[in-house]
Amino acid sequence: MRDTLLIALYAFAGAAAAGLAGAGVLRLIRRRSLTASLAVVAAVAVLAMLAGTLAVAWAMFLSPHDLTVVTTVVAMAAVVSLATALLLGRWVVARSRELAEAARSFGDGGDYAAPTTPATAELDVLSRELAATSARLAESRARERALESSRRELVAWISHDLRTPLAGLRAMSEALEDGVAADPDRYLRQIRTEVERLNDMVGDLFELSRIHAGTLSLAPARISLYDLVGDALAGADPLAREHGVRLVGEAVAAVPVEVDGKEMSRVLGNLLVNAIRRTPADGTVAVAAERSREGVVVSVTDGCGGIPEEDLPRVFDTGWRGSHARTPPDGAGLGLAIVRGIVEAHRGRATVRNIPGGCRFEVLLPPAET
């Protein structure tokens, strides 16, 4: 038993000395290629075995012939191990270079195409992660392009909508200043109307900027959906009468919701104004509210005749007003973007779909906590 412990001790001492030396070498070449690191690891493994064997042979006082045999066997094993490590290292390095070339493609703005050559499990996992990252970057670039397009469109609409009332205000003010206005009171009323339009537009821009900046502050409170819809219908009734549109709000359940009353009133007001302006005279705008498995659904149905299918994904984009919206009374295309921003701030979802004769906007809100 004592001899066995001594042999184990000598073998451990020799192998440990070789392992420490190999660790030092690996530290020195840690920034070199993978091939060199694999070669050092293989060499350390063989040298550790050789050192342990020689230490045990010296302790056991083997004959010179036996020592030569053992040394020769270990040396051949070292040569084969080093050759194998070099070949494996070159293969792994080649696969990693292919992976780096593929990764460089989507880093330059392209799509990632995974190498077709088989690789190690670790490199294969890395390749799948790069593919997933490439897909997310592609989606991000698409959203960025869409956002930039909507911003350019918004600037164009705002410029158009500001230029028209400002030109009218200047003309009316000059007429009043020169004393050539036939009906000064009518001019003053018109100036007030245009100023209110501009004020509403600036308010929408400010609200949208808060939504995009993530600084929209909510003060949720428990409110009856019946009262919320009733107030919105009362506020939109004068506009509906002006356009000859009938408002219907009969299918509204008296369910509680946990929302910011002011912001949610703005949501319903924007949806109703949008529906009234798109519905022809003698048409109907209907509001409904009901419970669902996901929460509470508030819907506004109009008689606009429907939205082209290719435009449906853009309805809630900033600046979108549809192909037929070319006049200032249709607004700057901010109302529905504000609706989506406020609803999402309430952890809800705003959607739109076509129905026979018109379209239906739906707002899904989470249920009130009991």
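**Reading loops, burial and cores**

Tutor: Let's start with R347, which sits in the loop between α8 (335-345) and β6 (349-355). Helices (H or I, at least four residues) and strands (E, at least two) are DSSP runs, numbered from the N terminus. This is a predicted model, where local features need pLDDT of at least 70, side-chain atom pairs count only at pLDDT 80 or more, and totals for chains, interfaces and linings use all residues. Residues are numbered from 1 along each chain as its sequence is written, and side-chain values use heavy atoms, with hydrogens and water left out.

Student: Okay, is R347 buried or exposed?

Tutor: R347 counts as exposed because its relative accessibility is 67%. The cut-offs are under 20% relative accessible area for buried, over 50% for exposed, and partly exposed in between (1.4 Å probe, protein chains only).

Student: And what is the phi of R347?

Tutor: Phi of R347 is near 60°, a positive value in a residue other than glycine. D282 also has a positive phi, near 70°, and isn't glycine either.

Student: Where does D282 lie?

Tutor: Look in the loop between α7 (261-278) and β4 (284-291). D282 is exposed, since its relative accessible area is 75%.

Student: What about S299, buried or exposed?

Tutor: S299 belongs to strand β5 (residues 296-301). With a relative accessibility of 10%, S299 counts as buried.

Student: Which residues is S299 in contact with?

Tutor: Contact means heavy atoms within 4.5 Å. Leave aside the neighbours within four places in sequence, and S299 is in contact with A286, V287, A288, R360, F361 and E362.

Student: Which residues touch the most other members of the largest nonpolar core?

Tutor: In soluble globular proteins, nonpolar side chains tend to be buried together. A nonpolar core here is a set of buried Ala, Val, Leu, Ile, Met, Phe, Trp, Tyr and Cys residues joined through side-chain atoms within 4.5 Å. The largest one has 47 residues, and L225, L272 and F361 touch the most other members. Helix α6 (residues 225-243) gives the most to this core, with 8 residues.

Student: Which residues does L225 touch?

Tutor: Not counting residues up to four places away in sequence, L225 touches V252, A253, V255, V257, A289, V296 and V298. Apart from that core lies another of 7 residues, including M172, A175, A181 and I191.
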